[in-house]
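Biologist: Before we talk, please put the model on screen. I will ask what stands behind each label.

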Amino acid sequence: RSLSSRAILGVHAYGLLNDYTWFSRRSAAEECPDGLLAGCERTLLGAGKSGGADLRLSLDEPEWHAGTMLGVDSRVRRARSELVVRDRVTGAVAHVSNDYTRVDALIAPYGQQTFGPVPWLDANVGLRLDYDTRFGHKLSPRAAVGVTPWAAGRIKAIYSEAFRGPTA
């Protein structure tokens, strides 16, 4: 949404649902919990849900060939799994405590500044702070300088760090 001729506010919402099913039939007692001498059947059911939003404000300064972007990305995730182990012959459920449920969140404010003082030179600096309830926080800086020394020629130097925690 345009707030003015130089300011734009945007929101990007997203979500993800997934299911996972794994089945394994084992006839060897050593591959099963104690007491299942004829083997076992294992069924693992898993599910995940996540959703979030990215709120972004962009400010342009055309006279200075500059732009500022400020934003925050936020996300909530829920993962769960359930393992059921049955006796291969009788179908009786064995006692196995391997169920898992976890809810966690991420919030990541970020900012970026671009600047092009002359037509052949531009610069970009940015910073993002990820705070993940599973892994703590990580600061990710970046910087870039671009030069156009001749028509259709471009030289760019970039430094960047990034962080993405593993999935459950």
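Modeller: Start with the terms for pairing. Strands (E, at least two residues) and helices (H or I, at least four) are DSSP runs, numbered from the N terminus. Two strands pair if DSSP finds at least two bridges between them. The model is predicted: local features need pLDDT of at least 70, side-chain atom pairs count only at pLDDT 80 or more, and totals for chains, interfaces and linings use all residues. Residues are numbered from 1 along each chain as its sequence is written, and side-chain values use heavy atoms, with hydrogens and water left out.

Biologist: What makes S5 and S6 a pair?

Modeller: DSSP must find at least two bridges. S5 and S6 have 9, in the antiparallel sense. In one of them, Tyr 110 has Arg 128 of S6 as its bridge partner. Gln 113 stands opposite Val 125 of S6. The two strands form a hairpin with 2 residues between them.

Biologist: How do you know that S6 pairs with S7?

Modeller: By the bridge count again. There are 12 bridges, and the strands are antiparallel. Val 125 has Ala 143 in S7 as its bridge partner. A hairpin of 3 residues joins S6 to S7.

Biologist: What joins S1 to S2?

Modeller: 20 bridges, between residues 7-26 and residues 40-61, running antiparallel. Tyr 20 has Gly 46 of S2 as its bridge partner.

Biologist: Which bridges tie S3 to S5?

Modeller: There are 16, and the pairing is antiparallel. Gly 71 stands opposite Tyr 110 in S5.

Biologist: Why is Ser 140 called buried?

Modeller: Buried means under 20% relative accessible area, exposed over 50%, partly exposed in between (1.4 Å probe, protein chains only). Ser 140 has 8%, so the residue is buried. Ser 140 is found in strand S7.

Biologist: What is Ser 140 in contact with, leaving aside neighbours within four places in sequence?

Modeller: Contact means heavy atoms within 4.5 Å. By that test the partners of Ser 140 are Gly 126, Leu 127, Arg 128, Asp 130, Glu 161, Ala 162 and Phe 163.

Biologist: Why does Thr 21 count as exposed?

Modeller: Its relative accessibility is 59%, so Thr 21 passes the exposed cut-off. Thr 21 is found in strand S1. Leaving aside neighbours within four places, Thr 21 is in contact with Leu 44 and Leu 45.

Biologist: And Ala 152: buried or exposed?

Modeller: Exposed, because its relative accessible area is 90%. Ala 152 lies in the loop between S7 and S8. Its phi is positive, near 65°, in a residue other than glycine.

Biologist: What makes the six residues a nonpolar core?

Modeller: A nonpolar core is a set of buried Ala, Val, Leu, Ile, Met, Phe, Trp, Tyr and Cys residues joined through side-chain atoms within 4.5 Å. The largest one here has 6 residues: Cys 32, Leu 36, Cys 40, Leu 83, Val 85 and Ala 94. Not counting residues up to four places away in sequence, Leu 36 touches Ala 29, Val 85, Arg 86, Asp 87 and Ala 94.

Biologist: What is the volume of the second largest pocket, and what makes it a pocket?

Modeller: The volume is about 290 Å³. On a 1 Å grid over the protein atoms alone, a pocket is an open set of points where a 1.4 Å probe fits, with protein on both sides within 12 Å along at least five of seven lines; lining residues have an atom within 4 Å of a point. Grid points are joined across faces, edges and corners, and the volume is the space filled by probe spheres set on them. There are 17 lining residues, and those closest to the centre are Tyr 110, Leu 127, Arg 128, Ser 140 and Arg 142. S6 gives the most to the lining, with 4 residues.

Biologist: How does the lining of that pocket divide?

Modeller: Into 5 nonpolar, 5 polar and 7 charged residues. Ala, Val, Leu, Ile, Met, Phe, Trp, Tyr, Cys and Pro count as nonpolar, Asp, Glu, Lys and Arg as charged, and the others, Gly among them, as polar.
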